[in-house]
Amino acid sequence: MSEPNPDSIVSRHGDIALASQPSEADLDAWAAAGTVLVVNSRTPEETAGLPFDLRSAVESRGMRYAELPIGGASGASPELTGELAALLAASDGPVVMHCRSGTRSAHLYAAYLISQDPAISAPFDTMNWPGGRDMGMVRAMTPAPVNR
């Protein structure tokens with residue numbers, strides 16, 4: 001078995017961690033740290049190419065697993081942000097969101113932050129994200145404001 005990659009967690013914002021593709025050893029470490037949910041933003045094709053069954057590996061460690069694929073035929077839409085909001089609302093504990101490098105997950109989380117508080121103008125700074133930043137992608141996943 002491999003050792004966990006200390007660099008798999010790219011940034012943290014409260015109980016949300018943004019990560020690169022985990023190994024099985026990373027999943028062990030995340031479960032030991034109390035992670036309750038792992039959200040995979042890789043496409044089904046990317047996930048199928050992994051050397052292990054990610055869903056089974058996550059669930060066998062007692063964590064919930066969700067797929068919110070971004071990119072390729074999956075695209076990027078506000079529906080993903082709504083699904084993420086529901087998942088986070090139902091989670092009582094740490095959550096890890098990941099893709100290959102963490103960037104797609106960071107953009108989805110940025111859209112979520114804006115959907116929760118439209119006054120947030122720099123979501124990547126808010127969540128301490130050190131990587132790439134594409135506000136066009138964030139806008140594509142941000143739901144339209146609800147008029148109240």
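Two strands count as paired if DSSP finds at least two bridges between them. Strands (E, at least two residues) and helices (H or I, at least four) are DSSP runs, numbered from the N terminus. With those terms in place, I turn to the structure above.

This is a predicted model, in which local features need pLDDT of at least 70 and side-chain atom pairs count only at pLDDT 80 or more, while totals for chains, interfaces and linings use all residues. Residues are numbered from 1 along each chain as its sequence is written, and side-chain values use heavy atoms, with hydrogens and water left out.

I begin with the sheet. Five strands form an open sheet with mixed pairing, in the order S1-S2-S5-S3-S4. Strand S1 (9-13) and strand S4 (64-67) stand at the edges; each has a single partner strand, so one side of each is left without a neighbour in the sheet. From one strand to the next, the twist averages 20°; axes here are lines fitted to C-alpha atoms, for helices over the stretch in contact, and angles run from 0 to 180 degrees between N-to-C directions.

Now the individual pairings. Strand S3, residues 37-40, runs parallel to S4 and is joined to S4 by 4 bridges. Within S4, Tyr65 is the residue opposite Val38. S3 also runs parallel to S5, again with 4 bridges, and Leu37 stands opposite Val95 in S5. Strand S2, residues 16-19, pairs with S5 in the parallel sense over 4 bridges; there, Ala17 stands opposite Val96.

Which way do the side chains of S5 point? In strand S5, residues 95-98, Val95 and Met97 point one way and Val96 and His98 the other, and all are buried. Buried means under 20% relative accessible area, exposed over 50%, and partly exposed in between, with a 1.4 Å probe and protein chains only.

I move next to the helices. Helix H5 comprises residues 103-116; at 1.5 Å a residue, its 14 residues should span 20 Å, and its end C-alpha atoms are 20 Å apart, which agrees. The expected span is 1.5 Å times one less than the number of residues. H5 is mostly covered, with 11 of its 14 residues buried; among them are His107, Leu108, Tyr109 and Ile114.

How do H4 and H5 pack? Helix H4, residues 78-89, meets H5 at an angle of about 80°, with the axes 9 Å apart. That makes H4 roughly perpendicular to H5, a label that covers 65 to 115 degrees. On the H4 side, Leu80, Thr81, Leu84, Ala85 and Leu88 take part, and they meet residues of H5 including Leu108, Ala111 and Tyr112. Contact means heavy atoms within 4.5 Å. The residues of this contact divide into 8 nonpolar, 3 polar and no charged, where Ala, Val, Leu, Ile, Met, Phe, Trp, Tyr, Cys and Pro count as nonpolar, Asp, Glu, Lys and Arg as charged, and the others, Gly among them, as polar.

I close with two residues. Arg104 lies in helix H5 and is buried, with a relative accessible area of 17%. Leaving aside neighbours within four places in sequence, Arg104 is in contact with Ser41, Arg42, Thr43, Glu46, Ile70, Cys99 and Met137. Ser74, in the loop between S4 and H4, counts as partly exposed at 33% relative accessibility. Not counting residues up to four places away in sequence, Ser74 touches Thr43, Pro44 and Pro69.

How values were computed
Angles under 35 degrees count as roughly parallel, over 145 as roughly antiparallel, 65 to 115 as roughly perpendicular and the rest as oblique.
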